[in-house]
Amino acid sequence: ILDCEFEPHLTDGEIRSLAQQVLYSYGSIKNAEKRLFLILSGVAGRLRERFGKLSGFDTWVLDAKSEPYCEFLEDSTNVVYLTSDGDEVVREFDPNTTYIIGGIVDRNRMKGATARKARLQGLRTARFPLDEYVAMGANITRVLTVNCCVDIILEHLKTKDWTQTFLKCLPERKGAQEKGDDEEDSGDDDAGDS
């Protein structure tokens, strides 16, 4: 599920960027060996209008819902909100679990918003195990774009190898490098990404 319920808090430029990230995500899913079914929740207002301008959007094989995910998810037991501020660390993707990615493009204005929202709703939160598998600079943010998160999920489902997944999917600006044997895990479960 892509949580688009933050739309009222996004600028017009951020709305355009989010729509573009959804377009990239859909393309990745469509071309993946192991496909996911994408649900967009809370699609309304300017974002719905923007999606309407994407060529062929109405023919995409996905479910764009106007209602929030909490209104259509029957059971939150097997729901995990992926967030860089997650309490847990994703080790593998469970096919019986629904994963939510926050649809925020905010240039750090809404820091921690997805984790706060998930916790208020009683949902589990988890982050990708970035620091456990790749070395990145201390000042490099662990926050990722929507399409990067989707690409990581798809690649890990294919390879089951976190290091190779991150090296392939993380943008070059993150400076991710394979961890050497002498580098220890940070052990800090709050300093990760999704």
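Predicted model: local features only at pLDDT ≥ 70, side-chain atom pairs only at ≥ 80, totals over all residues.
Biologist: Where do we start with salt bridges?

Modeller: Start with the general idea. Side chains of opposite charge can pair when their charged atoms come close. Now the case here. A search of the whole structure finds eleven salt bridges.

Biologist: Which residue pairs with K117 in a salt bridge?

Modeller: D3 does, with 2.7 Å from N to O. This pair joins distant parts of the chain. K117 sits in helix 4, residues 113-120. D3 sits in strand 1, residues 2-3. They are 114 residues apart.

Biologist: Are K117 and D3 buried or exposed?

Modeller: Both K117 and D3 are buried. D3 counts as buried because its relative accessibility is 0%, and buried means under 20%.

Biologist: Which residues are linked with D3 in a network of salt bridges?

Modeller: E5 and K117 are linked with D3 in that network. The D3 and K117 side chains also make a polar contact, at 2.7 Å.

Biologist: What else does D3 touch, leaving out residues up to four places away in sequence?

Modeller: Besides K117, D3 touches S41, Y69, Y81, I100, I101, G102 and G103.

Biologist: Let us stay with helix 4. Which of its residues are buried?

Modeller: A113, T114, A115, K117 and A118 are the buried residues of helix 4.

Biologist: What covers the buried residues of helix 4?

Modeller: The cover includes strand 1, helix 3 (69-72), strand 4, strand 6 and strand 7 (124-127). Then look past the end of the helix. Helix 4 is followed by G122, whose phi is positive, near 75°.

Biologist: Which residue forms a salt bridge with R119?

Modeller: D87 does, with 2.8 Å from N to O. R119 is in helix 4, while D87 is in the loop between strand 4 (79-82) and strand 5 (88-89). The two are 32 residues apart, and the pair links distant parts of the chain.

Biologist: Why does R119 count as partly exposed?

Modeller: Its relative accessibility is 39%. Partly exposed is the class between buried, under 20%, and exposed, over 50%. D87 is partly exposed too, because its relative accessible area is 45%.

Biologist: How far apart are the closest N and O atoms of K168 and E155?

Modeller: They are 3.3 Å apart, and the two residues form a salt bridge. K168 lies in helix 7 (residues 162-169) and E155 in helix 6, so this pair ties together parts that are 13 residues apart in sequence. K168 counts as exposed, at 55% relative accessibility. E155 counts as buried, at 11%.

Biologist: Where does R173 lie?

Modeller: R173 lies in the loop between helix 7 and strand 9 (177-178). At 61% relative accessibility, R173 counts as exposed. Leaving out residues up to four places away in sequence, R173 touches I140 and T145.

Biologist: And where is A44?

Modeller: A44 is in the loop between strand 2 (39-41) and helix 2 (45-52). A44 counts as partly exposed, at 33% relative accessibility.

Methods. Residues numbered from 1 in each chain as written. Heavy atoms only, no water. Salt bridge = Lys/Arg side-chain N within 4 Å of Asp/Glu carboxyl O. Helix = DSSP H or I, 4+ residues; strand = E, 2+ residues; numbered from the N terminus. Buried < 20%, exposed > 50% of the residue type's maximum accessible area, 1.4 Å probe, protein only. Polar contact = N/O pair within 3.5 Å; in protein donor to acceptor, adjacent residues only side chain to side chain. Contact = heavy atoms within 4.5 Å.
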